[in-house]
Amino acid sequence: MNQEGIPATGETPKDNRRWTLYTNGVSSREGSRANLILTSPEGEEVTYALRFDFHTTNNEAKYEALLAGLRLAKQMGAEAVVALTDSRLAANQINGSFETKDKRMEKYVRIVQRLVKPFKEFVIKQIPRSENRRADALHKLVSTCFDNLSKKVLVEVLKERRIDERQVNTLTTSKRTWMTPRIEYLQHSILPDSHEEARKIRVKAPSYALVDGELYRKGFTTPWHKCVDEAKGKEALQEAHAGQEGAHEGARALVGKVIRMGIYWTTTHQDAAELTKKCVECQAYSPVQGNPSAPLTNISSP
């Protein structure tokens with residue numbers, strides 16, 4: 001145990017439930033590599049080797065190793081983590097001692113801060129390379145015979161930087177749409193309080209069906225149409241009207257095109273008419289009507 005209470009290499013107190021993470025990364029002419037060793041409170045070790053299919057700097061390689069270690073610790077169910085790295089820059093930027101001026105480093109710091117939120121305790125410290133001997137030894141092994149590593153060493157090849165990965169958010173909404181009453185009736189026989197609305201739902205319900213939780217509108221001479229809400233429907237209309245395959249059709253032709261795409265919502269005709277009226281190109285290049293707007297009435301002379 002060192003003066004600051006952080007376990008030194010190979011030292012884990014029995015009453016300490018913290019996981020210890022050793023990380024190391026380097027960029028050279030032979031390529032960029034990183035490695036880490038995650039030690040459980042019971043002393044069990046998990047070794048991890050990374051190889052990058054892209055060029056990185058030394059600082060980026062060390063951050064990549066740290067991010068991989070934090071993800072591994074989360075998967076192992078760790079609640080308290082002590083990260084030990086020989087990177088003075090990474091340790092002080094995450095602690096807030098150093099100002100982050102480079103945009104790439106700033107992205108790495110934000111990702112680290114997001115990953116450590118689930119942990120009850122997280123500490124990162126810079127240690128001399130001499131105290132990071134195990135991670136350094138693994139690095140030497142990786143740099144010499146990467147393809148012949150022991151099966152006990154987890155190996156991963158990264159195709160792109162973590163900061164360049166696309167973040168996909170799954171959006172869930174509790175907003176009720178025109179589909180909600182129909183789904184509730186088909187699933188649980190729930191009807192609206194309004195007598196008139198309940199009658200409409202009962203009458204139109206046989207025209208719909210639920211398939212794997214998705215609402216479909218049955219077709220007698222056409223395939224079933226997947227039901228979508230108004231927002232997605234308007235996006236489909238815009239794409240069909242002025243997208244890559246769009247030809248700025250009129251409202252009637254546009255509705256037929258969208259129906260052939262296999263989607264349906266109740267306000268298809270109204271939305272198509274509104275879209276074509278607001279389309280600037282359709283209005284600018286539409287044929288000029290020479291007919292009068294109202295029938296002419298002959299006026300006889302007095």
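What covers the buried residues of H2? The legends below take up this question and others, using a predicted model.

**View 1. Helix H2 and its cover.** Helix H2 spans residues 88-95. Its buried residues are Ala90, Ala91, Asn92, Gln93 and Ile94. The cover over them includes H1, E4, H3 and strand E5 (121-126). Gly96 follows H2, and its phi is positive, near 90°.

**View 2. The largest nonpolar core.** This core has 35 residues. Leu21, Leu38, Phe52, Tyr63, Leu66, Leu70 and Val112 have the most contacts inside it. Several elements give two or more residues to this core, including strand E1 (19-28), strand E2 (31-39) and strand E3 (45-52). Strand E4 (80-85), helix H2 (88-95) and helix H3 (103-115) are also among them. Helix H1 (58-75) belongs to that list too. H1 gives the most to this core, with nine residues.

**View 3. The surroundings of Tyr63.** Set aside the neighbours of Tyr63 within four places in sequence. Tyr63 is then in contact with Leu89, Ala90, Gln93, Ile94, Met105, Tyr108, Val109 and Val112.

**View 4. An open sheet of four strands.** The strand order is E7-E8-E9-E10, and the pairing is mixed. Strand E7 (208-211) and strand E10 (263-264) stand at the edges. Each has a single partner strand, so one side of each is left without a neighbour in the sheet.

**View 5. Strands E8 and E9.** E8 (residues 214-217) and E9 (residues 225-227) run antiparallel, joined by two bridges. Arg217 stands opposite His225 in E9.

How values were computed. Residues are numbered from 1 along each chain as its sequence is written. This is a predicted model: local features need pLDDT of at least 70, side-chain atom pairs count only at pLDDT 80 or more; totals for chains, interfaces and linings use all residues. Side-chain values use heavy atoms; hydrogens and water are left out. A nonpolar core is a set of buried Ala, Val, Leu, Ile, Met, Phe, Trp, Tyr and Cys residues joined through side-chain atoms within 4.5 Å. Buried means under 20% relative accessible area, exposed over 50%, partly exposed in between (1.4 Å probe, protein chains only). Contact means heavy atoms within 4.5 Å. Two strands pair if DSSP finds at least two bridges between them.
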